[in-house]
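Me: I'm putting the model up now. Let's go through it piece by piece.

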Amino acid sequence: TLMGDSFRDFSCQLAGWPLLQWFCGVDQWGVVRVPAKSTLQRYSDWLPQEEMREVICGLLQGTSVSHDSLKLKQPLDIDSCFLDTTVVKTPIHFPVDWVLLRDAVRTLMKAVKLIRRQGLKYRMDEPGEFVKKMNRLCMQMTHVRRKKNARKEKKRVLRLMKKLVFVVEGHAQRYRNLLNNRWKETGYSHPQAEQILKRIDGILEQLPQAKKQAHERIIGEMTVNNKDKILSLYETDTNVIVRGKAGAEVEFGNTLLLAETRDGLIVDWQLWKKSAPADCCLLSDSLERVKKTLGIKIKNVGGDRGFDSAANRLHLVNNKIYNGICPRDPMQLKKQMKKDRFAWLQKRRSQTEGRIGIFKNQFLGRPLRVKGFTNRHMAVDWAVLTHNLWVIARLPQVESKQKAA
């Protein structure tokens, strides 16, 4: 995670880098046994999310309670918490309705091609011909806006796309049934055949809704609610997140909450599969998780005005936590900024934006090239652990006795 390599590249570097072998502990048995890429991937899935959080929380407790075990000069202050939210983008192209039909044709015909290679065939044109026809229609759809009768021409091209998709859907269904009944006659193992069937089923299940969505938006010229939209045929857990920021008015992905200490350690994180609640609804749950997992009481909280609400102000007063959240009322903000403690919390809170940038770009990867929400959540957990280890390794440590002598 720290080096940003793929499993294959990291395995190659591990084989030829003695220092990295020592760091990863693969030379401690006398004989160097470098794990292959598949083994490294299995290592990354060893711990479930709950146990990963326990490991990270144990590390955080070691920085404050038992800092001697980490050889830190002094314990870290983790009683101040600064929160912010961001979006973990999914690796998809911009969700254009007719492009979903192109994706469906490509995926189905690639699967059919794999089946035909094993000698299982029905009478049909070559799969590549259907892909070529769809690509031609896509090019027509791209250039149609330059014509005078753009709306009418766009509807005509979409109707041709739907006819082609109907033919491709029928071929894919027949080949799906053929492979399901006669996979033993192929050179595929049962898991390999199941993977191809799963790929076809995933597209066929979503194809009717994708066609309906394209029809309603282009031919019917109607809007579709975000909750009813298909944004990707492959990343079904992608959400439309309206950010309202310059360069990011709308983003497609999952909302991520991060809470850090004044030293930059991430003490709480949460990735939402569905649409996340508003920021003001996340504060109390985050503080409760920190209290439960770390066993500490937060004394100061900082955040932007998105976390400000009457309920949160009351919650902080009842739990005797200093409120360093930026108020929504400008007059109230001006009044609060006269207080040194509040002004310091707001000044430190602004650095959380930079922490999010470091976390996403250097540790998580931008874009995050991991498919499936479960795998993305696991990648976030590993990124949090790697980030915290990186921060702790940069902190002042107690000098060894030999060096002091």
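Me: What do the side chains of Glu260 and Arg348 do?
Reply: In this predicted model, the side chains of Glu260 and Arg348 meet in a salt bridge, 3.2 Å from N to O. A salt bridge here is a side-chain nitrogen of Lys or Arg within 4 Å of a carboxyl oxygen of Asp or Glu.

Me: Where in the chain are Glu260 and Arg348?
Reply: Glu260 is in strand β3 and Arg348 in helix α12 (residues 340–349), so the pair links distant parts of the chain, 88 residues apart. Helices (H or I, at least four residues) and strands (E, at least two) are DSSP runs, numbered from the N terminus.

Me: Glu260, buried or exposed? And Arg348?
Reply: Glu260 counts as buried, at 2% relative accessibility. Arg348 is buried too, with a relative accessible area of 6%. Buried means under 20% relative accessible area, exposed over 50%, and partly exposed in between, with a 1.4 Å probe and protein chains only.

Me: How many salt bridges does a search of the whole structure find?
Reply: The search finds 20. One of them is between the side chains of Asp79 and Lys299, at 3.7 Å, N to O.

Me: Why does the Asp79 and Lys299 pair tie parts together?
Reply: Asp79 lies in the loop between α4 (49–64) and β1, and Lys299 in the loop between α9 (283–294) and β5, so the pair ties together parts 220 residues apart in sequence. Asp79 is buried at 17% relative accessible area, while Lys299 is partly exposed at 48%.

Me: What about Arg182 and Glu185, what distance for their salt bridge?
Reply: Their side chains meet at 2.9 Å, N to O. Arg182 is partly exposed, with a relative accessible area of 36%, and Glu185 is exposed, at 53%.

Me: Which strands is β3 joined to?
Reply: Strand β1 (residues 80–89) is joined to β3 by 8 bridges, antiparallel. Strand β2 (residues 239–245) has 5 bridges to β3, also antiparallel. Strand β4 (residues 266–271) is joined to β3 by 5 bridges, again antiparallel. Two strands pair if DSSP finds at least two bridges between them.

Me: Which residues stand opposite each other?
Reply: Val88 has Asn254 of β3 as its bridge partner. Asn239 stands opposite Gly253 in β3, and Leu257 opposite Gln270 in β4.

Me: Which residue takes a positive phi in the hairpin of β3 and β4?
Reply: Gly264, with phi near 95°. That hairpin has 5 residues between the strands.

Me: Now Val380. Where is it, and is it buried or exposed?
Reply: Val380 is in helix α14 (residues 373–393) and is buried, with a relative accessible area of 0%.

Me: What is Val380 in contact with?
Reply: Leaving aside neighbours within four places in sequence, Val380 is in contact with Leu256, Trp269, Leu271, Phe359 and Leu364. Contact means heavy atoms within 4.5 Å. Val380 and Trp269 are 111 residues apart in sequence and 8.7 Å apart in space, C-alpha to C-alpha.

Me: Last, the overall numbers. How many helices and strands?
Reply: There are 15 helices and 6 strands. Of the 405 residues, 43% are buried. The C-alpha atoms fill a box of roughly 80 × 65 × 35 Å along the principal axes.

How values were computed:
Residues are numbered from 1 along each chain as its sequence is written. This is a predicted model: local features need pLDDT of at least 70, side-chain atom pairs count only at pLDDT 80 or more; totals for chains, interfaces and linings use all residues. Side-chain values use heavy atoms; hydrogens and water are left out.
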